[in-house]
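Try each task yourself, then compare your steps with the solution.

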Amino acid sequence: MEGNLQGQQTGAKQQERIRRYAKLVERLSPKSDMAAGLLRSFWVGGTICVLGQLILDFFSYRLRWGMASASTATSVCLIFLSALLTGLGVYDKIGKYAGAGSIVPITGFANSVVSPAMEFRREGLVMGVGAKLFTLAGPVLVYGISSSIIVGLIVYAMEVI
């Protein structure tokens, strides 16, 4: 009987600790306004896309390049701007403000390639920048090259048959 009473007291103490911990977590956790976060994400991502469209229009209509050349030049410009802003520390601030809106595919990928390289630049050009540059890009490039070879072989086989 005495052991059962001790078990109940221990259980009550444990429940009280759990309740106090939950209260502490609730108090210390950052408050998140989902509507504001979605709005920031939407307008920043949209602004990046509009910038890309303006660059594309400049190359295709103003300089009268073909659509393929203009698309390539637009990609290069967006990657360069993203890498530059990452190197200057601006893209991280944009990412903290906009969240997923800053991970618009091409600029987000450029940021994720440059960030580890910048972080490990003190370790030297080869072991720091060179090795860390492909931390994320390596698997993506391997997958992209492998899948393009497979698709190329399938298309070639279909043409032969």
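**Exercise 1. Find the helix that holds Thr107, decide whether Thr107 is buried or exposed, and list what it touches.**

Step 1. Thr107 lies in helix H5. Helices here are DSSP runs of H or I with at least four residues, strands are runs of E with at least two, and both are numbered from the N terminus.

Step 2. The relative accessible area of Thr107 is 4%, so Thr107 is buried. Buried means under 20% relative accessible area, exposed means over 50%, and partly exposed is in between, using a 1.4 Å probe and protein chains only.

Step 3. Leaving out residues up to four places away in sequence, Thr107 touches Ile48, Leu78, Ser82, Tyr91 and Ser102. Contact means heavy atoms within 4.5 Å.

A word on the source: this is a predicted model, in which local features need pLDDT of at least 70 and side-chain atom pairs count only at pLDDT 80 or more, while totals for chains, interfaces and linings use all residues. Residues are numbered from 1 along each chain as its sequence is written, and side-chain values use heavy atoms, with hydrogens and water left out.

**Exercise 2. How many helices and strands does the chain have, and what share of its residues is buried?**

Step 1. Count the elements: there are 6 helices and 0 strands. Read along the sequence, the pattern is α-α-α-α-α-α.

Step 2. Turn to burial: of the 161 residues in the chain, 19% are buried.

Step 3. Look at the contacts with a separation of 6 or more: 51% of them join residues 24 or more positions apart.

**Exercise 3. Describe how H2 packs against H3, and name the residues in the contact.**

Step 1. Recall the general idea. Two packed helices are described by the angle between their axes and the distance between the axes.

Step 2. Helix H2 covers residues 34-62 and helix H3 covers residues 67-88; their axes come within 8 Å and cross at roughly 140°. Axes are lines fitted to C-alpha atoms, for helices over the stretch in contact, and angles run from 0 to 180 degrees between N-to-C directions.

Step 3. H2 and H3 are therefore oblique to each other. Angles under 35 degrees count as roughly parallel, over 145 as roughly antiparallel, 65 to 115 as roughly perpendicular, and the rest as oblique.

Step 4. From H2, the contact uses Leu51, Gly52, Ile55, Leu56, Phe59 and Ser60; from H3 come Met67, Ala70, Ser71, Ala73, Thr74, Cys77, Leu78 and Leu81.

Step 5. Sorted by class, this contact has 10 nonpolar, 4 polar and no charged residues. Ala, Val, Leu, Ile, Met, Phe, Trp, Tyr, Cys and Pro count as nonpolar, Asp, Glu, Lys and Arg as charged, and the others, Gly among them, as polar.

Step 6. Zoom in on Leu56 of H2. Leu56 counts as buried at 16% relative accessibility. Apart from neighbours within four places in sequence, Leu56 is in contact with Met67, Ala70, Ser71 and Thr74.

**Exercise 4. Which residues form the salt bridge, and where do they sit?**

Step 1. The structure holds 1 salt bridge. The term means a side-chain nitrogen of Lys or Arg within 4 Å of a carboxyl oxygen of Asp or Glu.

Step 2. Glu16 pairs with Arg19, and their closest N and O atoms are 2.6 Å apart.

Step 3. Glu16 and Arg19 are 3 residues apart in helix H1 (residues 2-28), so about one helical turn separates them.

Step 4. Glu16 is partly exposed at 32% relative accessible area, and Arg19 is partly exposed at 44%.

**Exercise 5. Where does Arg64 lie, and what is its phi?**

Step 1. Arg64 lies in the loop between H2 and H3. With a relative accessible area of 71%, Arg64 is exposed.

Step 2. Phi of Arg64 is near 60°, a positive value in a residue other than glycine. Most residues other than glycine have a negative phi.
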